[in-house]
Amino acid sequence: MTASVDVKASPDRLYGRQRGHPLRPRQQRLLDQTLPRMRFPESAIADPAAGFGHRPAQIWLEVGFGGGEHSLAQHAAHPDVGYIACEVFENGLCSLLSRVVPDDGEATAPVPDMLRIWDEDARILLRGLPDASIDRLFLMFPDPWPKSRHAKRRFVHPETVKQAARILRPGAVWRVASDDPTYQAWVEEVMGAQDLFETAPPATLRPEGWPPTRYEAKALKAGRQPLYWTFVRR
Ligand SMILES: C[S@@+](CC[C@H](N)C(=O)[O-])C[C@H]1O[C@@H](n2cnc3c(N)ncnc32)[C@H](O)[C@@H]1O
């Protein structure tokens, strides 16, 4: 069953920064001219395959793509998969878009028709997508919210886990990576207390087929140990 979604009326509150430094002219053009051409349409939420250039056999979803390295690498490696990349931070959106179109091609250069961007809160999209409509979910280095009073803001959360399980088809994989010790323990706790996903101990080295991300590089440089989980929808 698909919930009806009203993006504007969402009660969700985003806590992270959505706007960083003032945008340069190129960045403003990317948001004004390129983003609308790549945006995942609200009208396709109930039938997400309709949101791409052609109906894909599989749809993958990434929450919080940051600079977009992982989304672009996955899209390049799997060009026939319909990929929905979610990010709310403007500089992150610009970073991905700047690698898709050349300078001065913001309004006219071709954009990939199997890579779509959702620039609202990913939780809104999750709530609206139909049951068993997504084949893979990526959550790479989510904001850790290390203080326990902020635990409700963590993306891995019993409520979100239920929603993720609902939209993933049986056998689908949810990949989670984190370098934050509090978040790592939290993932173990939350995922250990549910039975919607099969769990396994996390890898300590980035597994094959997981493109690197900017946050991972920062974590490794700072001497933090990332963990990489693969959860399988029962
Ligand atoms: C710590 S960064 C990691 C970025 C990237 N995945 C990486 O590994 O380099 C987390 C990102 O998630 C984004 N984010 C947080 N909550 C989100 C939400 N509800 N919907 C979409 N993006 C979100 C933030 O804006 C931020 O850019």
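**View 1. T213 sits in the loop between strand 6 and helix 7 (214–221).** Welcome to a predicted model, in which local features need pLDDT of at least 70, side-chain atom pairs count only at pLDDT 80 or more, and totals for chains, interfaces and linings use all residues. Residues are numbered from 1 along each chain as its sequence is written, and side-chain values use heavy atoms, with hydrogens and water left out. Helices (H or I, at least four residues) and strands (E, at least two) are DSSP runs, numbered from the N terminus. T213 has 10% relative accessibility and so counts as buried (under 20% relative accessible area; exposed is over 50%, partly exposed in between; 1.4 Å probe, protein chains only). Leaving aside residues up to four places away in sequence, T213 touches E69, H70, M140 and F141 (contact: heavy atoms within 4.5 Å). Its side chain also reaches the backbone nitrogen of Y215 at 3.4 Å.

**View 2. UniProt lists T213 among its "binding site" residues.** The unreviewed entry gives K147, D179, T213, R214, Y215 and E216; such annotations may be inferred rather than shown by experiment. These residues spread over 70 residues of sequence and, in space, up to 24.2 Å between C-alpha atoms. From this set, T213, R214 and Y215 belong to the lining of the largest pocket (on a 1 Å grid over the protein atoms alone, an open set of points where a 1.4 Å probe fits, with protein on both sides within 12 Å along at least five of seven lines; lining residues have an atom within 4 Å of a point). K147 is found in the loop between strand 4 and helix 5, and is partly exposed at 47% relative accessible area.

**View 3. Strand 5 (residues 168–178) runs antiparallel to strand 7 (residues 227–233).** Six bridges join the two, and S178 stands opposite L227. G171, in strand 5, is partly exposed at 40% relative accessible area and touches V232 and R233, not counting residues up to four places away in sequence.

How values were computed:
Pairing = 2+ DSSP bridges. Polar contact = N/O pair within 3.5 Å; in protein donor to acceptor, adjacent residues only side chain to side chain.
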